[in-house]
Amino acid sequence: MNIKKIATLCLGTLAICGLVGCGSDGKKADVAAPAKAQAAEVAAPAQPSGNSSTLIVYFSHSGNTERLAKMLQKGTGADMFRVVPTEAYPTSYHAVIDQAKKEQQANARPTLKTLKVEKLDKYDTVFIGYPNWWGTMPMCMFTFLENNDMSGKKLVPFVTHEGSAFGSSLGDLKRLAPNAKLQEGIEIRGGRVGDSENEVASWLKKEGYSK
């Protein structure tokens, strides 16, 4: 193989890594590019009413996880609670994957605008949603789960991703909520969320969560 071909292959490999967010350890960032219209700051979430027996808790950065959460709410009639970090994540793709990686390496616990769900004891089933960042949940979800006791609840995970599905997040959920009843969840590629409403509705019906 001549030098020109080798150089071409090397450049191609670098381009692929740039697209999927490859790290030096071989992991994928798996972070969806944020929408251009996304606001940098998100208001503190309102506390859910406690009128339903089902709660949907989620963190969303690019907007994909929020869209999926709303589909789940439409199908279940559940209450909603959004996890909002005190310090907003950057809107720049490269900046957010760098910050997410640093938080994971430091085992950080980002502070939240609202730390606890006040009426959590009212809920029997909690859907817990997040994007896959560097193979697991964003570290703000670790903060949330360490401060909200899921003991005895059905914990239903849902994730948006760019190819890594749940990654290692199910293991982290078991560790962070050891006394919850972890259920089979649903994973949707971020780029497909807008076209997945029928899939989500069918899954909810199959699993017995439909209202």
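Helices (H or I, at least four residues) and strands (E, at least two) are DSSP runs, numbered from the N terminus. The structure is a predicted model, in which local features need pLDDT of at least 70 and side-chain atom pairs count only at pLDDT 80 or more, while totals for chains, interfaces and linings use all residues. Residues are numbered from 1 along each chain as its sequence is written, and side-chain values use heavy atoms, with hydrogens and water left out.

**Exercise 1. Describe the secondary structure of the protein chain and the confidence of the model.**

Step 1: the secondary structure of the protein chain comes to 6 helices and 6 strands, and along the sequence these follow the pattern α-β-α-β-α-β-α-β-α-β-β-α.

Step 2: pLDDT is the predictor's confidence in each residue, from 0 to 100. Its mean over the protein chain is 87, with 83% of the residues at 70 or more. Over residues 3-26, however, the pLDDT is below 50, and this stretch has 17 contacts in the model beyond near neighbours in sequence, where contact means heavy atoms within 4.5 Å.

Step 3: among contacts between residues at least 6 apart in sequence, 82% join residues at least 24 apart.

**Exercise 2. Work out how helix 4 packs against helix 5, and helix 2 against helix 6.**

Step 1: two packed helices are described by the angle between their axes and the distance between the axes. Axes are lines fitted to C-alpha atoms, for helices over the stretch in contact, and angles run from 0 to 180 degrees between N-to-C directions. Angles under 35 degrees count as roughly parallel, over 145 as roughly antiparallel, 65 to 115 as roughly perpendicular and the rest as oblique.

Step 2: the axes of helix 4 and helix 5 (residues 169-176) come within 10 Å and cross at roughly 25°, which makes helix 4 roughly parallel to helix 5. Here Phe-142, Leu-145 and Glu-146 of helix 4 meet Asp-172, Leu-173, Arg-175 and Leu-176 of helix 5.

Step 3: helix 2 (residues 64-76) and helix 6 (residues 197-207) pack at an angle of about 45°, their axes being 10 Å apart, and these two helices are therefore oblique to each other. The contact involves Leu-68, Met-71, Leu-72, Lys-74, Gly-75 and Thr-76 from helix 2, together with Glu-197, Val-200, Trp-203 and Leu-204 from helix 6.

**Exercise 3. Is Tyr-123 buried or exposed, and which residues does Tyr-123 touch?**

Step 1: Tyr-123 sits in the loop between helix 3 (93-105) and strand 3 (125-131), and is buried, with a relative accessible area of 1%.

Step 2: not counting residues up to four places away in sequence, Tyr-123 touches Pro-48, Ser-49, Gly-50, Ser-52, Ser-53, Thr-54, Leu-55, Asp-79 and Lys-153.

Terms used. Buried means under 20% relative accessible area, exposed over 50%, partly exposed in between (1.4 Å probe, protein chains only).
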